[in-house]
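Welcome! Please take a moment with the sequence and the model below, and then we can walk through the fold together.

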Amino acid sequence: MERRPELLPLPQLHAFVVLAEELHFGRAADRLGIAQPPLSQQIRRLEDKVGHALFTRSPGRVALSAAGRELLPAARRALAGLSEGLAAARAAGSGRTGHLRIGFAASLALTVLPGLLRTHRERFPGVDLDIREMTTAPQLAALREGTIDVGLLREPPDDDPDLAFRTVLTEPFVAVLPSAHPLAAHRTIALADLADSPFVLLPRQAGPGLHDRITSLCATAGFTPRVVQEAVEWQTVCALVETGLGVSLAPAAMRRIRLRGVAFRAVVPDDTRTCVAVGWRRGDQGPLVANLLETVRAS
């Protein structure tokens with residue numbers, strides 16, 4: 001049977017290294033914060049395990065023996081490795097290192113995402129951020145499956161047994177119109193004024209909450225939107241509006257894409273808004289997620 005290597009107690013190795021550096025029992029004991037007799041006992045126990053003297057002792061002089069000179073580099077490596085391991089464990093345990101997977105809705109790259117990620121990277125530079133663009137429904141599935149840790153999405157479900165959500169902000173909807181549309185001449189329009197126009201919208205399966213929010217707002221205004229074209233991303237929706245296919249309701253952040261043939265107009269009533277939320281798995285108390293939630297709260 002192969003003999004296992006013998007493990008040496010770390011306190012004895014520490015005492016040995018300090019004495020090897022000081023070559024004086026009194027100074028070494030002071031550094032260790034102990035009296036000289038306990039230090040001598042630690043060294044004797046270590047020498048018993050090695051089977052050889054680690055120091056030569058003579059009146060007024062302490063020196064490393066051949067065995068001591070051979071052990072010293074390995075003892076230093078062992079103590080350094082432990083110190084590095086403890087530092088790494090503490091960093092991981094506090095969420096200062098690690099790998100955090102974040103899903104985000106594409107439109108949030110125009111609003112909260114850049115500032116949030118910049119702030120979080122400044123606070124936790126040792127955390128590797130894996131950023132994944134996806135619409136709301138795939139984010140919800142990825143959160144449940146554990147393939148992302150946090151999601152930034154629009155219109156989360158009201159009550160989910162597996163996921164928790166915190167509102168980041170509410171953002172107005174704007175009407176998205178072809179520049180030649182008669183309503184584009186107005187700075188603000190009533191939602192009901194869009195009743196007779198064809199709509200370009202995101203498919204419900206891409207974001208059920210957001211789709212239902214838009215259709216509910218239209219219903220409150222007295223009509224059901226007549227959807228003639230669907231597109232998965234808001235940028236594509238706006239590009240299709242530019243071609244004259246129809247109109248849309250989009251988050252106000254889409255104004256930043258600046259399509260030449262598209263007019264974005266404020267909509268009344270004032271409660272025509274969309275909710276942006278951060279989502280995570282219920283019961284996930286990991287430090288990486290907790291630290292990101294704290295960044296969201298602070299931001």
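**A walk through the cores, a helix and the cysteines**

The largest nonpolar core holds 36 residues, and those with the most contacts inside it are Leu-177, Leu-194, Ile-214, Trp-234 and Leu-249. A nonpolar core here is a set of buried Ala, Val, Leu, Ile, Met, Phe, Trp, Tyr and Cys residues joined through side-chain atoms within 4.5 Å. Buried means under 20% relative accessible area, exposed over 50%, and partly exposed in between (1.4 Å probe, protein chains only). Two or more residues of this core come from each of β6 (163–178), β8 (198–201), α7 (208–220), α8 (234–242), β10 (248–251) and β11 (262–268). Such helices (H or I, at least four residues) and strands (E, at least two) are DSSP runs, numbered from the N terminus.

Before going further, please keep in mind that this is a predicted model: local features need pLDDT of at least 70, side-chain atom pairs count only at pLDDT 80 or more, and totals for chains, interfaces and linings use all residues. Residues are numbered from 1 along each chain as its sequence is written, and side-chain values use heavy atoms, with hydrogens and water left out.

What is Ile-214 in contact with, leaving aside its neighbours within four places in sequence? Its partners are Phe-173, Leu-201, Trp-234 and Leu-249, where contact means heavy atoms within 4.5 Å. Apart from this core lies another, of 23 residues, including Ile-102, Ala-105, Val-289 and Leu-293.

Now look at helix α5 (residues 112–123). Its twelve residues, at 1.5 Å a residue, should span 16 Å, and its end C-alpha atoms are 17 Å apart, which agrees; the expected span is 1.5 Å times one less than the number of residues. Val-112, Leu-113, Leu-116, Leu-117 and His-120 of α5 are buried. They cover an arc of only 110 degrees around the axis, which puts them on the same side of α5; the arc is that of the directions from the helix axis to the C-beta atoms. These buried residues pack against β3 (98–104), β4 (127–133), β5 (150–154), β6 and α9 (287–298). The face turned away from them carries the exposed residues Arg-118, Arg-121 and Glu-122.

Finally, how many disulfides does the structure hold? There are zero, a disulfide being a pair of cysteine sulfur atoms within 2.5 Å. The sulfur of Cys-218 is 15 Å from the closest cysteine sulfur, in Cys-238, too far for a bond. Cys-218 is buried, at 0% relative accessibility, and Cys-238 also counts as buried at 0%.
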